[in-house]
Amino acid sequence: MSEPVEVRGLAKTFYDENRGEIQAVKAVDFECREGEIFGLLGANGAGKTTTLRMLATILAPTAGSATILGHDVTAEPAAVRRKLGFFSASTALYPRLTARETIEFFARINQYPSDQVLKRVGYLVERFGLASYADARIEKLSTGMKQKVSIARTVAHDPPLLIFDEPTVGLDVLNALEMQEVIKEFRNQGKTIVFSTHIMSEAEKLCDRIAIIHGGRILACDTLEKLRQATGARYLEDIFVHYVKSL
């Protein structure tokens with residue numbers, strides 16, 4: 001039986017006028033299991049975001065393959081997008097839509113059953129504490145409120161698989177902690193979650209398994225406890241340095 005996410009030999013090359021050919025991701029292999037938080041841990045520029053954008057069908061792979069719940073990201077991008085929600089701190093919202101309109105829009109374009117959309121929107125407005133702001137334009141909302149709308153937008157169609165790309169970047173401590181609680185709640189609902197971060201404490205707290213990515217390659221992939229056993233280090237930052245320095 002296949003896993004919800006299977007990645008084999010995935011690679012992405014870009015061309016830059018000044019630097020020439022750049023291999024952002026180099027033959028990456030991993031899988032994500034049902035109902036787990038799979039962490040992709042790496043420094044800025046390690047290849048995390050490029051990898052996740054290929055999984056989300058935003059970028060086309062140069063080589064290799066990836067499947068999301070049995071659908072190939074290259075051959076069946078529309079089917080993949082219906083199965084997943086993609087959250088990034090850099091994803092922009094439409095400033096002139098209201099919070100309620102934003103959630104409804106994303107539920108409909110991702111083909112959530114039309115007769116249940118309004119009920120779903122109402123539930124998400126209440127779940128994320130947006131009732132007082134639901135009919136305010138996005139451009140009028142605080143950073144924390146915009147974040148909540150972004151999460152609601154991501155799960156508007158109730159996808160079984162979620163991708164979070166450095167979701168706490170730029171957030172204050174309280175909003176970052178709330179984001180972590182939301183992600184754990186989604187796991188408890190049985191959703192499969194791919195979570196990228198460069199913050200070691202987040203990965204330690206949230207992830208069932210962790211892949212360390214550096215220079216576009218996966219250097220290690222296992223549970224935190226097994227990574228500790230393999231390296232003799234207790235703290236994730238020391239484990240990370242162990243693998244990066246061994247190159």
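Me: Is helix 1 (residues 48-55) enclosed or open, and how many of its residues are buried?

Reply: Start with the term: buried means under 20% relative accessible area, exposed over 50%, and partly exposed in between, with a 1.4 Å probe and protein chains only. Six of the eight residues of helix 1 are buried, so helix 1 is largely enclosed by the rest of the structure. The buried ones are Lys48, Thr50, Thr51, Leu52, Met54 and Leu55. After helix 1 comes Thr57, with a positive phi near 70 degrees. Helices (H or I, at least four residues) are DSSP runs, numbered from the N terminus.

Me: What should I keep in mind about the model itself?

Reply: This is a predicted model, where local features need pLDDT of at least 70 and side-chain atom pairs count only at pLDDT 80 or more, while totals for chains, interfaces and linings use all residues. Residues are numbered from 1 along each chain as its sequence is written, and side-chain values use heavy atoms, with hydrogens and water left out.

Me: How do I read the packing of helix 3 and helix 5?

Reply: Two packed helices are described by the angle between their axes and the distance between the axes. Axes are lines fitted to C-alpha atoms, for helices over the stretch in contact, and angles run from 0 to 180 degrees between N-to-C directions. For helix 3 (residues 99-109) and helix 5, the axes come within 8 Å and cross at roughly 20 degrees. Ala99, Thr102, Ile103 and Phe106 of helix 3 make the contact (heavy atoms within 4.5 Å) with Val149, Ala152 and Arg153 of helix 5.

Me: Which residues join helix 5 to helix 6, and at what angle do their axes cross?

Reply: The axes of helix 5 (residues 143-154) and helix 6 (residues 173-188) come within 11 Å and cross at roughly 15 degrees. That makes helix 5 roughly parallel to helix 6. On the helix 5 side are Gly144, Gln147, Lys148 and Ile151, which meet Asn175, Glu178, Met179, Val182 and Phe186 in helix 6.

Me: Where is Asn110, and is Asn110 buried or exposed?

Reply: Asn110 lies in the loop between helix 3 and helix 4 (117-127). Its relative accessible area is 17%, so Asn110 is buried. The Asn110 side chain reaches the backbone oxygen of Phe106 at 2.9 Å. Leaving aside neighbours within four places in sequence, Asn110 is in contact with Arg81, Arg82 and His157.

Methods: Helix = DSSP H or I, 4+ residues; strand = E, 2+ residues; numbered from the N terminus. Parallel < 35°, antiparallel > 145°, perpendicular 65-115°, else oblique. Polar contact = N/O pair within 3.5 Å; in protein donor to acceptor, adjacent residues only side chain to side chain.
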